[in-house]
Amino acid sequence: VGNFQLIDSTLREGEQFANAFFSHEKKIEIAKALDSFGVDYIELTSPVASEQSRKDCEAICKLGLKAKILTHIRCHMDDARVAVETGVDGVDVVIGTSKFLMEHSHGKDMNYIAKSAVEVIEFVKSKGIEIRFSSEDSFRSNLVDLLNIYKTVDKIGVNRIGIADTVGCANPRQVYELVRTLNNVVSCDIECHFHDDTGCAIPNAYCALEAGAKLIDVCVLGIGERNGIVPLGGLMARMIVAAPEYVKSKYKLHKLRDLELLVADAVEVNIPFNNPITGFCAFTHKAGIHAKAILANPSTYEILDPHDFGMKRYIHFANRLTGWNAIKARVDQLNLNLTDAEIKEVTNKIKEMGDIRPLSIDDVDSIIKKFHADVTTPKL
Ligand code: HCA
Ligand code: CU
């Protein structure tokens, strides 16, 4: 699973997020931040979506970023002609192949799809630009239809084919099987796009890589249509465990938090409390038993090292689940001297108070300081 690539779609799929409105300046700021994080590709909204979308796309192409710039279009020559003039490095083409989309969206059949795919692909290739062909709603498409269309486009020579779980219905086992099957049928790279409606976006991405996919579509915080797609940070959490050296050397992980804050601010959401890596409590340890072990060796209760992401772990000691090891660590931080027996005694006082009401750090510090004063002041 090492050696994968990221296609960030915050400025395409992410623009389909309910709250998203990106000004020209904001798009440029986000594109630069994505580039300095180290994503391989940045996918942008179609230049035919609106006049400003086209200008934004052209401007981002001129920034001279390390990441390759892509735009995302329908499988149609009208779109392709505009896309190749924007200065992009590649074009991502998509067309619906499930019966839902063939009947209720574009109304075309597989023959028409194959014909227009060939026309668009040959045109884009003739301009010396990368081309990806993707089916939309791949997991509710007929498998024979899918294999046929991918074989056809692979023969012409696309850079990548894509599969998209447009409605978020796929499970990891289905993903593994489809990617494995495709891998045996095509010679080009496989890209995957997973929506998170049923909570499977990250697991599906991981299984796709295990099955031989090369590229995963992500968005910062997972923003996208409905509840979005694979979040960049969540996938980094999964992949740093699977391929630590690759992930740490390739991506600037300590920039993740600022990148997420930039996008969260732009679309006016908060970073979720349970977000991998950057959720406010992602590296907070609370129960006394956990705190004791973490203080001795962080790996006992941590699969991710916060320092890899420029973050710190935190021992939550102001609560009734606390233990004397956590309190001892706090006593040390306060630069006070107490024996182990005394620390155990003050820990009991803290736990008693914690049974009555929520405690703040100040509450605990006051209890410790008062206790310290009592034991060190000679009795009259
Ligand atoms: C959409 C399109 C898409 C395209 C994915 C892709 C999807 O429905 O908005 O190009 O791979 O989810 O199918 O985002
Ligand atoms: Cu999508």
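The crossing of helices α1 and α2 is right-handed. I start there, with a predicted model. The axes of α1, residues 24–37, and α2, residues 51–61, come within 10 Å and cross at roughly 35°. From α1, the contact uses His24, Lys27, Ile28 and Ala31. From α2, it uses Gln52, Asp56, Ala59 and Ile60. Two packed helices are described by the angle between their axes and the distance between the axes, so that is how I gave the pair.

Now the whole chain. The protein chain has 380 residues, and 43% of them count as buried. Its secondary structure comes to 15 helices and 10 strands. The C-alpha atoms fill a box of roughly 95 × 40 × 35 Å along the principal axes. Take the contacts with a separation of 6 or more: 70% of them are between residues 24 or more positions apart.

Next, the strands. Eight strands close into a barrel, in the order β1-β2-β3-β4-β5-β6-β7-β8, and the pairing is parallel. On average, neighbouring strands of this sheet are turned by 25° against each other, direction ignored.

Let me go through some of the pairs. Strand β2, residues 41–44, and strand β3, residues 68–74, are joined in the parallel sense by four bridges. In that pair, glutamate 43 stands opposite leucine 70 of β3.

Further along, β5 and β6 also pair in the parallel sense, over four bridges. Here arginine 132 stands opposite arginine 160 in β6. What do β5, α6 and β6 make together? They make a right-handed β-α-β unit.

Stay with β6 for a moment. How many of its six residues are buried? The count is six of six. In a regular strand the side chains alternate between the two faces of the sheet, so each face can be listed separately. On one side of β6 are Arg160, Gly162 and Ala164, on the other are Ile161, Ile163 and Asp165, and all are buried.

The next strand is β7, residues 189–194, where five of six residues are buried. β6, residues 160–165, pairs with β7 in the parallel sense over six bridges. In this pair alanine 164 stands opposite histidine 193, and aspartate 165 has phenylalanine 194 as its bridge partner.

On to β8, residues 215–218, which runs parallel to β7 and is joined to β7 by two bridges. One bridge partner pair is glutamate 191 with leucine 215 in β8. Again there is a right-handed β-α-β unit, made of β7, helix α8 at residues 201–210, and β8.

Now the nonpolar cores. The largest has 90 residues, and those touching the most other members are Ile42, Val91, Ala205, Ala208, Ile216 and Met236. The largest share of this core comes from α8, with seven residues. Take alanine 208: leaving out residues up to four places away in sequence, alanine 208 touches Val175, Val179, Cys192, Ala213 and Ile216. Apart from this core lies another, of 17 residues, including Phe317, Ile327, Ile350 and Ile368.

Met236 belongs to helix α9, where the buried residues are Leu232, Gly233, Gly234, Leu235, Met236, Ala237, Met239 and Ile240. That is eight of the 11 residues in α9, which spans 232–242. What do these buried residues pack against? They pack against β1 at 5–8, α8, β8, α10 at 244–250 and α11 at 256–266.

Last, two residues to look at in the backbone. Aspartate 137 is not a glycine, yet has a positive phi of about 60°. Aspartate 137 sits in the loop between β5, residues 130–136, and α6, residues 143–156. Glutamate 268 is not a glycine either, and has a positive phi of about 55°. Glutamate 268 is in the loop between α11 and β9, the strand at 284–285.

Are these two buried or exposed? Aspartate 137 counts as buried because 22 other C-beta atoms lie within 10 Å, and the cut-off for buried is 20 or more. Glutamate 268 counts as exposed because there are 9 other C-beta atoms within 10 Å, and the cut-off for exposed is 12 or fewer.

That is the end of my part.

Key. Residues numbered from 1 in each chain as written. Chains lettered and ligands numbered in written order. Predicted model: local features only at pLDDT ≥ 70, side-chain atom pairs only at ≥ 80, totals over all residues. Contact = placed C-beta atoms within 7 Å. Pairing = 2+ DSSP bridges. Right-handed = clockwise from strand over helix to strand, strands pointing away. Core = buried A, V, L, I, M, F, W, Y, C linked by C-beta atoms within 7 Å. Axes fitted to C-alpha atoms, helices over the stretch in contact; angles between N-to-C directions. Left-handed = near helix turned anticlockwise from the far one by under 90°.
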